Amino acid sequence: MAKIREMCLFLLLAFSIARVSEARSAIGVYELKRGNFSVKLTNYGAIVVSVFLPDRNGKLDDVVLGFDSIEDYRLNDTAYFGAIVGRVANRIKGARFILNGKKYKLVPNDGNNMLHGGPKGFSDVVWQVESYNTDTHITFTYNSTNGEEGFPGDLRVSVTYMLINTNQLSVIMKATPLSQATPVNLASHTYWNLAGHSSGDVFSHQVQLLADKITPVDKELIPTGDILSVKGTPYDFLHIHEVKSKFHELPNGYDINYVLKYEGDGHFHKAAVVYESKSGRKMELWTNQPGLQFYTSNMMGTVKGKGGVTYNNYDAICLETQGFPDAVNHPHFPSQIVKPGERYEHVMVYRFTAN
């Protein structure tokens with residue numbers, strides 16, 4: 001009889017654990033809210049669904065582009081709206097690299113290259129909800145297995161979205177290799193329009209980028225390996241000015257990695273400032289990463305977004321703090337290799353004001 005009771009208790013415990021695990025893995029939308037500042041997120045792709053901010057008169061607007069349903073995010077994944085991308089963000093030339101003398105062939109999804117972790121990167125998986133408090137934070141976790149999209153080793157990944165102080169949002173991405181050394185370069189691919197997601201192009205947004213160099217790219221948007229000064233080029237945003245001011249000097253718009261004024265060893269530094277004059281909204285971005293991809297949604301095309309709004313090219317900007325693109329094939333770029341016993345940590349802080 002005692003053995004039967006023990007067996008029943010064991011089965012009940014196993015069933016309860018399974019139910020909890022199932023609940024944590026179910027796709028949902030979660031809100032963080034403090035005063036009139038709110039952020040909605042989903043554990044599908046760890047996506048930022050919306051960010052509502054007051055303008056100088058207190059009027060609230062959603063300032064990130066996205067979709068109305070999870071199904072829309074599933075079906076329209078090429079824009080990576082609001083997602084955490086990885087295992088390695090940005091492009092890897094030829095979808096291959098060599099690590100410790102071994103050649104790794106990845107799954108290409110951008111011609112012959114890999115983009116944002118491959119056809120099923122972290123933006124296309126269901127993350128578990130590790131912890132959630134609507135007043136403070138939510139933490140999503142994902143276990144990436146050895147060989148996933150061609151990458152070596154099991155990897156434990158987490159991202160925490162946290163409200164801090166007044167109208168500030170932090171994004172903390174962590175990754176721990178469990179079995180082998182592996183490249184890790186996570187990025188948040190949120191599309192911002194500080195006038196409101198339905199407001200059209202961002203040409204009048206004023207931008208400052210705290211970077212005096214870029215990593216130029218070839219025709220496939222792969223870094224050449226050079227590191228060049230922005231001085232005297234349309235890439236110079238050291239002093240704040242409108243996006244459109246030198247746009248005509250570029251063939252398609254901005255899509256380039258900036259080398260931030262970075263002191264190394266995880267030093268926290270300001271990366272960018274964006275100001276929109278009609279609303280008075282201002283966004284500062286701080287990070288501990290060496291690079292920042294500045295992208296003016298040049299390849300978005302025509303997309304039906306939230307509330308039936310039609311999004312077009314140049315309707316948003318992305319500011320993706322990151323390691324340098326294709327660093328696995330450029331030994332002089334800051335390394336993205338993380339070994340067992342080490343931990344990758346990527347911190348972003350957005351500070352919003354309106355005046």
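**Entry 1. Loop between β12 and β13**

I began with N165, which is found in the loop between β12 (155-164) and β13 (168-177). The model I am reading is a predicted one. I looked up the backbone of N165 and noted a positive phi of about 50°, although this residue is not a glycine.

I next turned to N167, whose place is in the loop between β12 and β13. N167 has a positive phi of about 55° and is not a glycine. I checked its accessibility: the relative accessible area of N167 is 14%, so N167 is buried, the limit being under 20%.

**Entry 2. A cis peptide bond**

I searched for cis peptide bonds and recorded the one from G86 to R87, with omega near 15°. Where does R87 lie? I located R87 in the loop between β5 (83-85) and β6 (91-92).

**Entry 3. Strand β26**

I examined strand β26, residues 318-322, for burial. Five of its five residues are buried, so the strand is largely enclosed by the rest of the structure. I recalled that side chains in a regular strand alternate between the two faces of the sheet. I therefore looked at each face of β26 in turn, because burial of the strand leaves open how its sides are covered. On one side I found C318, E320 and Q322, and on the other L319 and T321; these are all buried, and both faces are covered.

I then asked how many bridges join β23 to β26. I found five bridges between β26 and strand β23 (residues 291-295), and the two strands run antiparallel. Within this pairing I noted F294 standing opposite L319 of β26.

**Entry 4. Cavities**

Rolling a probe the size of a water molecule over the atoms shows where empty space is left. I recorded three cavities of 30 Å³ or more in the structure.

The largest cavity has a volume of about 70 Å³. I listed its lining as Y44, I47, F67, Y73, N76, D77, Y80, F81, A83, S123 and D124. By class, I recorded seven nonpolar, two polar and two charged residues in this lining.

The second largest cavity holds about 50 Å³ of space. I read its lining as N90, R91, T215, V217, L221, P223, D255, I256, N257, Q293 and P325. Which strand gives the largest share of this lining? I found that strand β20 (residues 255-260) does, with three residues. I sorted the lining of the second largest cavity into five nonpolar, four polar and two charged residues.

**Entry 5. The protein as a whole**

I recorded two helices and 28 strands in the protein. The radius of gyration is 21 Å, close to the 20 Å that the globule rule gives for 355 residues, so I noted the protein as being as compact as a globular protein of that length. Along the principal axes, I found that the C-alpha atoms fill a box of roughly 85 × 55 × 35 Å.

I also looked up burial for the protein and found that buried residues make up 54% of its 355 residues. As to contacts between residues at least 6 apart in sequence, I recorded that 66% join residues at least 24 apart.

Conventions
Residues numbered from 1 in each chain as written. Predicted model: local features only at pLDDT ≥ 70, side-chain atom pairs only at ≥ 80, totals over all residues. Heavy atoms only, no water. Buried < 20%, exposed > 50% of the residue type's maximum accessible area, 1.4 Å probe, protein only. Helix = DSSP H or I, 4+ residues; strand = E, 2+ residues; numbered from the N terminus. Pairing = 2+ DSSP bridges. 1 Å grid on protein atoms, 1.4 Å probe; cavity = no way out; pocket = protein on both sides within 12 Å on 5 of 7 lines; lining within 4 Å. Points joined across faces, edges and corners; volume = space filled by probe spheres on them. Nonpolar A, V, L, I, M, F, W, Y, C, P; charged D, E, K, R; others polar. Rg over C-alpha atoms; globule rule 2.2 N^0.38 Å. Contact = heavy atoms within 4.5 Å.
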